[in-house]
Amino acid sequence: MFSYYLQLALRSLKRSPGLTVLMVLAIGFGVAASMTTYSVFRAVSGDPIPWKSSKLFVPQIDMWGPKGRSDNGEPPDAMDYADAMALQRAHRAKLQSAMYQVSPSVVPTGAGKHPINVSGHAVYSEFFPMVDAPFRYGSGWGDDADRQRAAVVVISSKLNEKLFGGANSVGRSVSIEGKDYRVVGVLDDWNPQPRFYDVVNTGGFSSGNEDVFLPFERAIDVGMPNDGNTNCSEIPAESGFVGLQHSSCVWLAYMVELDDAAAVSAYRQYLDGYARDQQQAGRFGWAPNNRLRSLPDWLDSEKVVPSDTKVSLLVALGLLIVCLVNTAGLLLAKFLRRSSEIGVRRALGAQRTAIYAQFLTEAGIIGLAGGVLGLLLTGVGVASVSWVLPKDIASLARLDAPLLVLTLLVATAATLLAGLYPTFRASRVQPAWQLKSN
Amino acid sequence: MTLHPMIAALRKHKAGVVLIALQIALTLAIVCNAVFIIGQRVQRVNRPTGLDESNLMLVTQQWVGAPSGDQPGDVDKLDSLQQADLAALRNMPDVASVVPINSLPLLNSSWNGSAALKPGTDLRGGNARTTYYFGDEHMLKTLGVKLVAGRAFTAADVQHRGFRDQGEPPIAIVTQALADKLFPQGAVGKVMYLDGSGTPTTIIGVVQRLQVPGTGSWTNGFVWNATLEPVRLNANFSRYAIRTKPGRLQAVMKAVTPVLYGVNPMRVLDDDSVKSFADIRAEAYRADVGMAVLMGVVCLILIGVTAAGIVGLTSFWVGQRHRQIGVRRALGARKVDILHYFQTENLLIAGIGAVIGVLLAIGLNLWLMHHYEMDRLPVLYVIAGVAAVLVLGQAAVFAPARRASNVPPVVATRSV
C-alpha cells in the first residue's frame with residue numbers, strides 16, 4: 001500500500017512542480033537556518049566536562065563587602081590572593097586548586113629560532129585529576145612538587161610538537177622566561193570549550209591554546225605576573241606583582257571537587273565559617289555573603305553563552321515556524337484542490353485512515369526532500385559561519401552525524417506536523433458532495 | 001467595490017486565510033526586530049573612534065627574561081629597553097611618529113578607573129568612570145586625536161613608572177565627553193582625583209573624541225570617557241602605536257619585525273604582534289558584523305518564503321475560482337475589476353496579518369529586552385515594517401491577479 005501512496009504522491013507533486021519546489025525550498029531554508037544557528041548554540045552551550053560537571057564547584061567569597069558587590073548583591077567572581085591561599089591551606093575539598101593565567105615566553109632550543117609566547121595557567125597539583133586532564137606522556141606533578149616549588153611543567157601536545165617534534169619529552173627541559181623547567185607530563189589533545197576552569201579570564205571561549213601548566217607557588221616565587229583580568233575595589237597600597245598579592249584585588253580563579261551533597265554542604269559551612277572568622281578578626285565588616293556554584297550554574301551565572309547566539313537561534317526558529325506555516329497553507333490548498341479525487345476514493349470504500357496515509361506520505365516526501373536540501377544548505381551555513389562569527393566560537397561549530405540526522409528528522413517531522421491539518425481537512429471531504437458537483 | 005462579497009468569499013477558505021495572515025504577522029514581527037538589530041549593529045560599527053585610523057598600526061611585543069618590576073632598578077632597566085625600541089622605530093624611514101601606549105580603542109585590553117571631583121572618593125564611586133591611556137608626548141600626534149582646548153603633552157611632562165606601580169600623574173588630558181561630565185563650564189586648568197586617590201590631577205587639555213578599548217556591553221556606560229596620562233608604563237611587554245607616512249603602512253608592517261629583532265633578539269614577536277588598525281577594527285566588530293549578516297540572511301529568506309507563499313496560495317485561489325471569474329467577467333466586470341478584487345483581498349489579509357504582526361513585533365521586542373540586552377524597538381521600524389509587508393503582499397499578488405484578470409468571459413459558458 002505504501003508504495004502505491006508513494007506513487008500517488010510523486011504523481012501529485014509532479015503535477016504542480018512550482019508549488020512542490022516552493023515547499024521544498026521553504027522547508028530547506030527554514031531547516032538550514034535553524035540547524036546552522038543550532039550548531040553554533042550547541043557548540044557554546046555544551047557541557048565541557050559532562051561526566052563530572054555536577055561535582056565541580058566554584059567558591060566565591062565577599063572580600064569587598066557591600067561597596068564592591070554588583071547590583072544584584074553578588075560577590076566578586078574571582079578571588080584575591082589572601083583568601084585563595086587560606087582556602088588552599090585549609091584543604092577542605094576532595095580536590096582543589098587556585099589558579100591564574102600566565103603568558104610567559106618560551107625559548108626554543110636550536111639556533112636562529114625566535115622566542116615564542118605561550119599561554120597557560122599556574123595551578124596546584126590537584127588541578128589535573130580534578131579536571132580529568134588527559135595525558136599522552138607522563139602525568140601531573142605531585143603535591144611535594146607544589147610544596148618544594150619545583151621547576152616542573154606540564155605542556156600541551158601542540159607545544160610538545162613545536163619543541164620536541166612530538167616525541168616523549170618527559171624529563172627534558174623547557175626554557176620558560178629564561179629559566180629551565182623539567183617536563184613531567186605532556187597533555188593529549190585537550191581544549192575544553194568553554195574553558196571552564198577559568199571562565200573569568202578567558203570570557204568562556206578561547207581560540208588560543210593552553211600550552212603550559214606550572215606549579216602555582218613556583219610561579220608566584222619567580223614573580224611570573226598574571227596575564228588575565230585584575231579587578232580592584234581600592235588601589236593596592238604597594239606596587240608591583242607582590243603588591244597585588246598583598247591587596248584585596250581579585251585575579252585568581254578557584255575550583256573545588258565535591259563528590260556528594262554532604263561534602264557540598266560541609267564546604268558551604270566551611271566557607272561561611274571562614275567568612276565569620278574574618279568578620280571577627282575585623283577584616284570583613286559584614287556578614288558572610290559567599291557563593292558555591294556547581295559548574296553548570298557557574299557557567300550560567302557568568303553568561304558564558306553569548307546572547308547573540310541565543311537571539312540568532314530564536315530568530316532562526318521563528319523563520320522555521322514561518323516556513324512551516326507557509327507549507328501548511330500550500331499543502332492545504334493542494335490537498336483540497338483534489339477534493340473530487342478524495343471523494344471518488346472515499347466513495348469506492350477507502351477509509352479515512354487510508355486518506356491520512358496517502359496525504360501524510362505526500363507531506364513526508366516533501367519533508368524529506370526539504371531535509372536533504374536543508375542538509376546541503378546547513379553544510380554551506382556551517383562552513384560560512386567561520387567568516388561571520390568571532391573565530392573562537394566559529395571554530396567550534398561543525399557538522400557531524402547527530403546534526404545530520406537531526407536535520408533530516410526536524411525537516412520530516414516538522415513537515416508532517418504542517419501536513420496534519422491539511423490532511424485532516426482532506427479526510428473530512430464528504431464523498432457525496434464531491435460526486436454530485438461533478 | 002464593496003468588501004462584503006470579498007469577506008464572504010474569504011470565509012469559504014478560512015484556514016488558508018488564517019495561515020497566510022499568520023505567516024505575514026510572524027514575518028513582520030521577526031523582520032522588524034531583525035532589521036532593528038542590524039540597524040543597531042551598523043550604528044555601533046560605524047561610530048568613529050576619534051583616531052585617524054588610516055596609516056595607523058600597533059606592535060605588541062614581550063621581552064624574554066626581562067625583570068619582573070618588583071626589584072629595585074627593574075623599572076629603569078625595563079624603561080631603557082623600551083627607549084631603545086622607540087629610538088629604532090622612530091628612525092625608520094617610513095614612520096611618521098610612534099608612541100608607547102597601553103592600549104588602543106577597540107583593542108581587547110584596558111585599564112579603567114574613576115574620576116572624582118573630591119579627593120579620597122571610593123574607587124568604584126567617583127563622578128565618572130574613565131579608561132586610561134598612558135603614553136608620551138607623541139600620543140596625540142600619533143593617534144591623530146584632535147585637541148580642542150588647552151595644550152598637548154611636552155617631553156618635560158612625561159614620566160615613567162612600573163606597570164603595576166601606583167601613582168596619579170600631576171597633569172592629564174581628558175576627552176570632551178569626560179570633561180563635560182566633570183566640568184560642564186570648561187575643564188582646562190581644573191583639578192580632578194583619579195581612582196579615589198588624594199593626589200590632585202590638573203586637566204591641561206581636552207581632546208574631541210577618543211573611544212575606550214573593548215567593545216563589550218560593559219563599556220556602554222563610559223564609551224567616550226578617556227583620560228590620557230603622560231606616562232610611559234614599564235613592564236615585560238610593550239605596545240607601540242605607529243603612524244606611518246601616507247601609503248607606507250604595508251611597508252612598515254613588513255619592516256618592523258626585523259628592526260625590533262635588530263635592537264634585541266630576545267623578545268617574542270609573532271604573527272599576532274603586528275596589526276594594522278584596520279585589522280583591530282575588523283576583529284573587534286566581527287561579532288557585530290556577523291550578527292548583522294545573519295539577521296540579513298534570515299530576513300531575505302523570510303521575505304522570499306512569504307512572498308512565494310502568497311504567490312502560491314493566490315495562484316491556487318485563482319485556479320479554484322476560474323469559473324466564477326469567468327461569470328463575473330460575463331456579467332460585465334472589467335479586467336481591472338478582477339485585478340482590484342485580488343489586490344484588495346490581499347490588502348485585507350495582509351492588513352489583518354500586519355495588525356497581529358505589530359503586536360507580535362512589540363511582544364518579541366519586549367521579551368528580548370527582558371532576557372537579552374536589547375533596546376526598545378522604535379515606532380519608525382514598526383511603521384516601515386507594516387508598509388513593507390503591505391507592499392510585499394501587493395507585489396506578490398500582482399502576477400496571479402493579472403492572470404485572473406486575463407480569464408476570458410467565455411469560461412462561464414463552458415462546463416467543466
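1. Axes here are lines fitted to C-alpha atoms, for helices over the stretch in contact, with angles running from 0 to 180 degrees between N-to-C directions.

2. Housekeeping. This is a predicted model, where local features need pLDDT of at least 70, side-chain atom pairs count only at pLDDT 80 or more, and totals for chains, interfaces and linings use all residues. Residues are numbered from 1 along each chain as its sequence is written, and chains are lettered from A, ligands numbered from 1, in the order in which they are written.

3. Now the helix pair. The axes of α2(A) and α14(A), residues 352-384, come within 7 Å and cross at roughly 45 degrees, so the two are oblique to each other. Helices (H or I, at least four residues) and strands (E, at least two) are DSSP runs numbered from the N terminus. The crossing of α2(A) and α14(A) is right-handed, meaning the near helix is turned clockwise from the far one by less than a right angle.

4. Who touches whom there? Contact means C-beta atoms, placed from the backbone, within 7 Å. On α2(A) the residues include T20(A), G28(A) and S39(A), and α14(A) brings, among them, G367(A), G374(A) and V382(A). By class that contact has 12 nonpolar, 10 polar and no charged residues. For classes, Ala, Val, Leu, Ile, Met, Phe, Trp, Tyr, Cys and Pro are nonpolar, Asp, Glu, Lys and Arg charged, and the others, Gly among them, polar.

5. On to the chain A–chain B interface, with 52 residues from chain A and 52 residues from chain B. On chain A, α2, β3, β4, α9 and α12 each supply at least two residues. The largest share, 20 residues, comes from α12(A). That side of chain A has 30 nonpolar, 15 polar and 7 charged residues.

6. Domains of chain A: the assignment, automatic or from a database, gives domain 1 (2-47 + 306-437) and domain 2 (62-257). Their C-alpha centres lie 50 Å apart. Their contact takes 6 residues from domain 1 and 4 residues from domain 2.

7. Last, chain B. The unreviewed UniProt entry annotates "transmembrane region" over residues 291-319, 347-367 and 379-399; such annotations may be inferred rather than shown by experiment. In the model, residues 291-319 of chain B are 100% helix, with end C-alpha atoms 42 Å apart. Residues 347-367 of chain B are also 100% helix, with their end C-alpha atoms 29 Å apart.

How values were computed. Two residues are in contact if their C-beta atoms, placed from the backbone, lie within 7 Å. Angles under 35 degrees count as roughly parallel, over 145 as roughly antiparallel, 65 to 115 as roughly perpendicular and the rest as oblique.
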